[in-house]
Structure formats: C-alpha cells, structure tokens
Amino acid sequence: MRSKLVLAVTILATILLQSTLVPQIAIGSIKPNLIVIFCISMGLMRGRKAGLWTGFFTGLFMDFFYGSVFGVYALIYMYVGYLSGYACMVLYDDDIKVPLFLAGAGDLFYNVAVYVLLFLLRGRLGVSTYLFRIIIPEMFYTLLLTFPVYRIYYFINYRLMTMQRKESESVWVLK
Amino acid sequence: MKKYLKKLNFKVRLKSKHLLVIMTLLCLTFIITTFASGVTGVPFQNGAAMMIVPFEKSISKFGKWIENISDRMQEKKDLIAERDSLLAQIDSLTEQNNRLILDQEELARLQQMYKLDNEYYEYPKVAARIISKDPGNWYNTFMINKGSDDGIRIDNNVLAGKGLIGIVTDVGPSWALVRSIIDDSSNVSAMTVSTNDNCMVQGDLELINEGKLSFYQLYDIDNKVAIGERIVTSSISEKFVEGLFVGYVSEIGLDTNNLTKCGTIVTPVDFQHLRDVLVITVNKQDQIGK
C-alpha cells in the first residue's frame, strides 16, 4: 500500500517536473526525457509489472494533457517500462551503467515510436532531419540527466518503498 | 461473516505478459475510440487538471519570484542610465503620439464616411501567462493560467507580441491548452496582404529551428507575391479571425503541381521565449452568426 502511494506521488512529481522545470533547462529547445528515466528505473528495480503500470499511468497523464491521440503515450511508455523490466534481477541496479544503457535504449525506442505512430503515418518522411534534430540530441541529454536522476529514484525505491521482489518476476532466473 | 468477506476478497494473479496484452488492447481501444468518434477525455482531463494545474501555477509563480529577485540585483547605475534614456524617449514619443492621434482621428472620420466596420480590429482580449509547456520535443503546445472562468473557449485565437501564435484546443475552469502555429500538426488558412491571395500556412518540425513556417497552395499566377510580403489570417478561415499577422514570406517557389506556390514564412514571434500571451475571446464562428 505504502509503495503504491509513494509510486503515485512520484508519478505526479515526475510529470510536474517534466512539464514545468525541464523546459527551463532545455538546450537548443531540446528537452531531456525524465519520464523515460522514471519508467526504466522502476522497470529495472521493481520488475516488469511495476514498469508496465508506471509507464501506463505516466503515459495516461501525458495523454490527458498534451496528447493529440488519446492512448498513444500510455502505450509507448508502457512498453518502455515493461521491456526494461526484463533487466530486473538479471543486471545490477546499483551500477549506473545499466540504467544508462536502458535510458538510452528506452529514449530511442520512445522517439522512434512517436515518429512512426504520429509523424510517419501523416506522411512526414524526413527521417534524417528528425533523427539528427530531435532523436539523437534528446537521447544524449537524457543520458546526461540519468546520472543524477537515477540516484533519486534509487533512493526512493530502496528507502521509501517496501521491497516485494519475486523470483517469478524474472524470466531469466532459474526456478 | 468473516468467512464471506474472505471469499469476496479474492485476488486475480496475472502473468505479466498477459497483463501486457490486456493493457495493450486497452490502449488500442482508447486510440481507436478517439479516432472513430472524436471523443476526448475531457471529464477525466478536468479531474486530473485539478490535481496538477495548481502545482504548475505555483511553480510558475515561484519562477517569477526568482526572476524578480535577480532583477532587483541589477545595478542601480544601469537603472539610472536607462531612466535617462527613457525620459528622452518619452519626449520623442509624445511628439510622435500627438501626430498619431491626429492621424487616428482622421482615420476614424474617414472610416465613418466609408461606414467601415471597426470591430475587426478591436477584439476583446484576455492576458494570460504560460504555466507549462509540452514535455516532449515533437509537439509545440503549452498551457496557460486562464480558462473558461475568464471567458476562454475552444478555438479562441492566441496572440503574443507582434502576431498570431496559436489556437486554444482544450479548456478547463482555470487552464487552457494552446497549440502553437509552429506545431507540426497546425494548419492556418492565410492570405497575402497586398494581393489577397489565399494560402495554407503549416507548421513544420523541420523548420522550427529557423523560426519558420511553411506555406503552400498560394495561387499567384501573375507572380505578384515577392519575398517580404506580409501574410495575415484569411477572411475565409473557419477558426481564425481575419487579419491577424502571421509573418513575412522569406522563400517562394512552385508547388509540385506547377500551378500554385509554396515556400517559407518567418514569424515575428520568438516562440522559444514566450511567457505572456493574449487570448482573443471572440471566435470566428460567433461573427459568422451575427
């Protein structure tokens, strides 16, 4: 119960930060993506189901406010969280390299998905422009932000949430 | 009694991949419903906004407070010098203003003579502040701190500084969501000032960096439209009131159909540093009704 409450508050806080504070630190109008870091952190530390729910609810909030098509962000973030959950219990979550890799991959996945679902389907074909103008800069900025932000989520997870890891959460671990 | 409660309190245990499939289907249902019926999550949106908007407002206020403090740190000397130059400016402006008042009176007189409708140029406006921006990099929408309580409705046009910047797409009691005209999914029906030729102005993510918009379907068979031409919102637009300034033509070329023209427009507004905006509380549709 307490974990769920903390998770809900963290979701709200992340969304608020992403829509108010993050635009202030944008470099060349490129904003880093805090939400991807959040989803992969929860996926990595708490497993696939937690990643899935985190991604779904943060995405749903994004859809409420800024989405053009209801449900798209929820879908994308849900998969980001879920897929990063495969790393849970397999890779060490106290080593910064793991979330760095996941954040990079997650952000790439998110941006490619947004491009394909919301731009390519409208006939916008300038892949290279989008790639060099948005996708790659955002990925690097997100990676940079992962260093401090992951530690905060790590703290929240291990100090404020109760652990309820199960062996069955991981497909890789021998049963 | 306890037994029954225990029976009722069953828990559904799903494997995570099954959960994923269920939630994916749910999301797809959302997407398809939005597309098929145009239903938006407005009731939910209002509920969620009640939680989030107050925070956003206070964060924005906090930002302004910090700004004020840093402003106060500014050197006194600078301010005095600035004041002197401003005083000189006031003198010259007063003189200029006197002349303009004369011109204005003349204009009013002439307009009365021509029985011109004055109302086009005097739309009622509400000033608002931007409290949050689209969190991603793909879209250009922002939220303002005024809503339906202040008379803002969906499809209200939004101005800043010298020209048009967007349109209200969603509105709640104390907030409204604005899609800017540089957004990739924005289309504005516009016209040239000198020749009154219509065209479509479209936001383009590939041009955002340069502060430009693209336009197409400009019918200009006599090649009268040149670089530097002023583009304003057209009289035939359904959503934008007439005569709002959009920008200057900066490049022009032929469309692929070889009949109409396309090109780019430079906007006079700095979209990256927007803070305060003006919302026109009259819709084009109201005027059509009159």
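Predicted model: local features only at pLDDT ≥ 70, side-chain atom pairs only at ≥ 80, totals over all residues.
1. Two residues are in contact here if their C-beta atoms, placed from the backbone, lie within 7 Å. Setting aside neighbours within four places in sequence, Val168(B) touches Ile152(B), Ile154(B), Asp155(B), Asn156(B) and Val158(B), along with Ala176(B), Leu177(B), Val178(B) and Val279(B).

2. Val168(B) also belongs to the largest nonpolar core, a set of 96 residues. It is listed among those with the most contacts inside that core, together with Ile144(B) and Val201(B) from chain B and Ile76(A), Tyr77(A), Met78(A) and Val80(A) from chain A. The biggest contributor to this core is helix 4 of chain A (residues 72-84), which supplies eleven residues.

3. Next, the place where the chains meet: 36 residues of chain A are in contact with 34 residues of chain B. On the chain A side, the elements giving two or more residues are helix 1 (2-21), helix 3 (48-66), helix 4, helix 5 (97-119) and helix 6 (127-160). Helix 3 of chain A provides the largest share, nine residues. By type, the chain A side divides into 23 nonpolar, eight polar and five charged residues.

4. Finally, do have a look at helix 2 (residues 34-46) of chain A, which packs against helix 4 of chain A at an angle of about 35°, the axes being 7 Å apart. The crossing is right-handed. From helix 2 of chain A come Ile35(A), Val36(A), Cys39(A), Ile40(A), Met42(A), Gly43(A) and Leu44(A), meeting Tyr77(A), Val80(A), Gly81(A), Tyr82(A) and Ser84(A) of helix 4 of chain A. The residues of this contact comprise nine nonpolar, three polar and no charged.

Methods:
Residues numbered from 1 in each chain as written. Chains lettered and ligands numbered in written order. Core = buried A, V, L, I, M, F, W, Y, C linked by C-beta atoms within 7 Å. Buried ≥ 20, exposed ≤ 12 C-beta atoms within 10 Å, placed from the backbone. Helix = DSSP H or I, 4+ residues; strand = E, 2+ residues; numbered from the N terminus. Nonpolar A, V, L, I, M, F, W, Y, C, P; charged D, E, K, R; others polar. Axes fitted to C-alpha atoms, helices over the stretch in contact; angles between N-to-C directions. Left-handed = near helix turned anticlockwise from the far one by under 90°.
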